[in-house]
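Welcome! Take a moment to look over the sequence and the fold, and then let us walk through them together.

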Amino acid sequence: MDIEYSEISSDEISLIENLCIKLNRLHSEISPFFAEEYAQKKFSDRKDEWLKKEEEGILKIMIAKDKETRVIAGYCICSVIQDKGEIDSIFFFDAWIKHN
């Protein structure tokens, strides 16, 4: 499996919606402290949070795509506000992590 990385704009954030939903499910299943919070959080809520961060500073959305199948294997969303950087969300499918 060959992976390529690219940046997408906030207008294209819906490309990672399914992966964000999978990450939320994973957190709600394994988190002893925040399971209920993750179970109730919707993608639209997260998207609004990220777009607000973009208004306040810099938002960078990177995706990893399988070169052959064009399937998005993972993503990373980062923000920088007032010289403070943060990884806001990151997710990769196990299959790609194990092979790359």
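Two strands pair if DSSP finds at least two bridges between them. Helices (H or I, at least four residues) and strands (E, at least two) are DSSP runs, numbered from the N terminus. What you see is a predicted model, in which local features need pLDDT of at least 70, side-chain atom pairs count only at pLDDT 80 or more, and totals for chains, interfaces and linings use all residues. Residues are numbered from 1 along each chain as its sequence is written, and side-chain values use heavy atoms, with hydrogens and water left out.

Let us begin with the sheet. Its 4 strands follow the order S1-S2-S3-S4, in an open sheet with antiparallel pairing. At the edges are strand S1 (3-8) and strand S4 (84-92), each pairing on one side only. From one strand to the next, the twist averages 20°; axes are lines fitted to C-alpha atoms, for helices over the stretch in contact, and angles run from 0 to 180 degrees between N-to-C directions.

Now look at S1 and its neighbour. S1 runs antiparallel to strand S2 (residues 58-66), and 6 bridges join them.

Finally, turn to the helices. Helix H1 (residues 17-30) lies across strand S3 (72-81) and S4, at about 85° to S3. Helix H3 (residues 43-56) lies across S2, S3 and S4, running at about 150° to S4. Contact here means heavy atoms within 4.5 Å.
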